[in-house]
Amino acid sequence: MMKKNYFLKNLQVNPWLESRRGVAGRKGLVIGAYETCTDGEYKLTPEGEKLNGQIQGKLTELLKDSGIKFGKAALYHGICDYYSTVIAGLGLENTGYNETEVLYENRENIRWAAAQGVLMQQNQDVSCVCMDPMGCPEAAAEGSKLANWSYQELRDPENRIPHPDIDLLANCTEGEKEGWFKGCVMADGQNVARTLEDIPANIMTPKFFAEEAIRILCPCGVHVSVRNMKWIEDQRMFAFLNMAKGSCEPPYFLEINYCGGSETDRPVLLIGKGVTFDSGGICLKTCIPQETYTLDMADYRGAMNGAAVVVGTIKSLARLGIPINVVGLIPLFENMPSGSALKPGDVVLTLKGKTIVVEDTDNEGRLALADALAYSEHFQPCLDVTIGNLAPGGKWSLGSGATPVFSSSQIVWDEMKKAGSMTGDRVWRFPLWKQYVDRVRMCKHVDMCNTGKGFPTANSCLAAGFLSEFVPDCDFVHLDTAGTGMKTRGLYAPYLRGGFMTGRPVRTVVQFLINMACPLDSTTKCSK
């Protein structure tokens with residue numbers, strides 16, 4: 001079979017090229033304004049008040065007729081030295097944690113306002129945007145940096161959306177600068193995942209992903225080992241290998257080591273589904289979406305979103321210097337139909353010694369993750385975290401609102417929930433009950449099946465139950481990203497550009513690991 005990638009041979013695409021910056025020297029400004037109890041009156045942020053004083057209250061006069069609300073913004077020209085100034089609505093002042101919404105609304109409002117400001121400034125073709133910290137520079141950095149991203153490296157440079165440089169206003173405090181840096185790192189980690197996910201599958205092969213992981217992580221002091229097919233065979237990861245054999249692209253297995261803690265600390269294992277293209281195998285997916293919010297086959301270039309999240313997360317941890325040991329494990333392969341592809345009814349043997357009947361070849365991710373989970377025992381982990389789009393059940397239930405989480409530990413779930421409420425990328429707990437494990441064991445001639453009794457109902461729970469059978473002696477949590485981690489459809493926050501991959505839930509996983517390494521009662525720098 002033909003293995004050469006002629007696209008790469010004839011057009012060397014660098015997905016990390018600098019984007020167009022707008023008109024040189026043209027600066028923009030984004031500041032925030034709160035709604036008040038009086039119609040037509042607004043309260044500017046402290047930075048906005050400083051600017052308002054410099055121009056003798058002109059901003060206050062302009063705002064009276066603006067009609068801005070939360071999620072909206074107004075654009076003005078000719079204010080001070082800025083080509084364009086955007087005043088973005090922050091909603092009501094003094095919002096905080098909303099228990100019903102499981103959300104720190106003050107942070108999320110700032111992300112929305114910062115994003116709206118950046119999107120409006122992009123249309124002004126500015127080369128630089130100065131950002132108001134708006135009371136939480138970390139959230140302002142996240143909203144602005146996420147909104148400033150789009151994957152457009154395959155477009156004609158003249159037609160690309162400008163990505164201006166974004167920085168905090170110069171007169172901010174050291175504490176604000178620290179928060180801004182953390183927010184930039186968190187957003188950049190998610191943008192790394194988004195870029196990896198959006199690269200077309202004829203470029204983003206398993207080998208290319210492995211090369212990109214090395215290029216992204218090694219400069220941060222992270223060690224990346226790339227294992228080839230011979231190593232995978234020697235490890236007896238036959239479930240993984242069998243799912244990969246339908247493609248002419250060879251599989252790889254990545255082992256990523258970030259050592260931020262002491263040598264005696266047991267690591268957290270992040271295990272990401274790395275299917276660089278998922279056709280469904282013999283059980284072929286449809287090429288055209290049947291419903292408004294379903295994906296077509298082309299979108300399943302993003303089926304490696306779990307792997308992309310692992311890479312983006314570890315890069316963020318390394319840049320922030322978080323004191324924790326993390327190991328990333330990523331089985332990389334394509335799930336393709338061919339004469340050598342696995343057939344429905346075939347039986348495979350896992351690294352753990354269990355036999356599995358493959359009733360649906362489109363449930364490929366859980367088999368590869370099963371071998372990775374079994375292999376994780378070598379590291380004596382304190383926690384195994386699996387990430388990937390395994391089943392649509394969570395998406396049908398929650399849409400894009402939250403990532404379903406299956407956890408064997410109440411403490412782990414509480415920390416994950418807290419992290420999601422802080423980042424605005426929320427999670428919701430689904431049951432990891434014994435009945436779902438029993439349903440994947442209901443086979444007369446083998447140990448397990450890759451669907452489960454009663455499939456496709458409760459398919460997300462069955463997938464998590466399946467994975468739990470391969471976890472070593474440690475806590476376990478699974479994040480199913482079918483509804484949140486792939487292409488944006490429907491209504492999203494303005495900082496997630498429609499029609500592109502989301503990179504979720506990088507920031508939530510990073511915040512979760514920060515909470516583990518630096519509890520809130522700690523006085524260390526990373527808990528601030």
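Helices here are DSSP runs of H or I at least four residues long, strands are runs of E of at least two, and both are numbered from the N terminus. What you're looking at is a predicted model, so local features need pLDDT of at least 70 and side-chain atom pairs count only at pLDDT 80 or more, while totals for chains, interfaces and linings use all residues. Residues are numbered from 1 along each chain as its sequence is written, and side-chain values use heavy atoms, with hydrogens and water left out.

View 1. A salt bridge means a side-chain nitrogen of Lys or Arg within 4 Å of a carboxyl oxygen of Asp or Glu. How exposed is Lys-434? Its relative accessible area is 60%, so Lys-434 is exposed, whereas Asp-438, at 23%, is partly exposed. (With a 1.4 Å probe and protein chains only, buried means under 20% relative accessible area, exposed over 50%, and partly exposed in between.)

**View 2. Glu-469 pairs up with Arg-441.** The closest N and O atoms of this salt bridge are 2.9 Å apart. Glu-469 lies in the loop between helix H15 (459-468) and strand E20 (475-480), and Arg-441 in the loop between H14 and strand E19 (448-449), so the pair ties together parts 28 residues apart in sequence. Glu-469 counts as buried at 13% relative accessibility, and Arg-441 as partly exposed at 37%. Zoom out a bit, and shared partners join Lys-354, Lys-434, Asp-438, Arg-441 and Glu-469 into one salt-bridge network.

**View 3. Glu-108 and Arg-111 form a buried pair in helix H4.** Their side chains meet in a salt bridge at 2.7 Å, N to O. The two are three residues apart in H4 (residues 105-122), about one turn of the helix. Relative accessible area is 9% for Glu-108 and 0% for Arg-111. In total, the structure holds 27 salt bridges.

**View 4. Phe-209 and Val-311 touch the most other members of the largest nonpolar core.** Such a core is a set of buried Ala, Val, Leu, Ile, Met, Phe, Trp, Tyr and Cys residues joined through side-chain atoms within 4.5 Å. Another core, of 49 residues, lies apart from it and includes Leu-241 and Phe-379.
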